[in-house]
Amino acid sequence: MRRHPLTEPMVWASAWILAGALPALAQQFRPHVDYFAGKAPAAVAVGDVNRDGKPDLAVTDSKTGSLSVLRGTGVGTFGYRAQYGAGNTPGGVAVADFNGDGNLDLAVADTVTNGVSVLLGYGNGRFQPPVFYPAGACASSVAVGDLNDDHKLDLAVTNGCASTVSVLLGRGDGTFAPHTDYSTGSESEPEAVALGDFNRDGKLDVVTADFGGDGVGVLLGNGDGTLQPYVDYPTNHFPSSVAVGDFNGDGSLDLAVTNSTTVGLGALSVLLGNGDGTFQPKVDYSTPYASDAVAVGDFNLDGKLDLATSENDRVDVFLGNGDGSFQNEVSYATGLGPRALAVADLNGDHAPDIVTANTDNTVSVLLNTGAKGSAK
């Protein structure tokens with residue numbers, strides 16, 4: 001499967017390194033602080049896995065077949081790091097309570113063993129050994145939601161080499177039924193997956209970023225765990241990530257997709273939803289480099305959703321105008337080669353922060369100062 005070229009990782013001698021430059025936007029984010037997170041981190045997710053009221057980080061390690069959990073202190077810093085086996089080549093990771101015991105669990109997609117590993121949590125920051133569930137070839141990312149309305153969490157997994165998305169229905173006890181596969185188009189090579197109710201019928205739908213198909217595939221849900229045939233919406237080249245949010249405040253979900261332009265620059269494509277499961281043609285926002293990931297948050301606390309993308313050695317923040325359009329990006333330094341990111345309030349100040357998983361064997365934490373940024 002074709003991938004964006006990644007910079008060879010460096011190994012830091014210390015557990016964390018403070019680095020970065022002051023951002024251009026009224027100190028919206030503090031300089032990044034980096035924490036060692038294994039060799040070649042591939043993805044990061046946030047959740048309170050030890051039930052102490054402080055968010056922790058789960059980071060997959062694509063080279064050693066492991067997953068690192070970094071304990072949060074509640075003030076935006078991270079300390080103790082525990083490591084768990086998580087398959088052969090773990091990629092995307094999701095955090096949720098799959099067995100209803102009040103403890104957060106982990107689901108990890110594995111590109112080599114072609115499936116997803118589930119690690120049930122004890123509630124103290126530790127996890128049971130992974131249980132593997134087959135999906136399709138080159139499983140790369142995983143999303144969580146109740147796709148059959150039985151109040152039990154299910155999994156949607158992208159399979160890049162098979163050009164499919166797998167649905168694994170949860171039984172509510174932390175186990176999952178065998179996967180059912182749905183095509184995302186010939187040679188689409190889906191790279192990422194997200195869930196949302198795109199046609200406002202109360203049933204979750206699926207969208208994939210199709211790296212080989214230069215578009216996103218939307219598969220509307222029937223509410224019983226099955227999906228309708230995909231409908232393709234063009235983007236630019238090699239879309240690698242997709243995020244969902246209501247960017248224009250009309251009550252309908254929209255899409256944000258990272259991809260590349262014909263001249264080799266990066267692009268952030270926004271496709272506004274019509275509320276009936278269809279989407280308007282993309283509107284592009286250019287970036288100097290191809291981005292690997294996108295996430296949504298109200299970073300300047302103005303009530304309008306913004307976007308963050310990861311690329312090269314930085315994150316770019318696009319402030320939303322509230323009408324579905326976005327301002328030009330403002331860049332913030334990270335560690336080398338951020339290939340995934342997550343948004344969450346890491347220090348309890350009610351402002352969303354950013355964490356990136358970097359190819360230099362670190363995660364970068366960028367704390368939001370809560371400063372009001374410019375917005376129209």
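**A few notes on this predicted model**

1. Let's start with Y285, which is buried at a relative accessible area of 13% (buried means under 20%, exposed over 50%, partly exposed in between, with a 1.4 Å probe and protein chains only). F326 is buried too, at 6% relative accessibility. Before going on: this is a predicted model, where local features need pLDDT of at least 70, side-chain atom pairs count only at pLDDT 80 or more, and totals for chains, interfaces and linings use all residues. Residues are numbered from 1 along each chain as its sequence is written, and side-chain values use heavy atoms, leaving out hydrogens and water.

2. Now the rings. The structure has twelve aromatic pairs (Phe, Tyr or Trp rings, the six-membered one for Trp, with centres within 6.5 Å; planes under 30 degrees apart are stacked, over 60 edge-to-face, the rest tilted). Y84 and F127 make an edge-to-face pair, 5.4 Å centre to centre with 85 degrees between the planes. Both are buried: Y84 has a relative accessible area of 12%, and F127 has 6% relative accessibility.

3. Back to Y285 and F326: their ring centres are 5.8 Å apart and their planes sit at 85 degrees, so this pair is edge-to-face. Ring pairs also link F247, Y285, F318 and F326 into a cluster.

4. Finally, look at L57. Its contacts (heavy atoms within 4.5 Å) include V46, L70, F78 and L346, not counting residues up to four places away in sequence.
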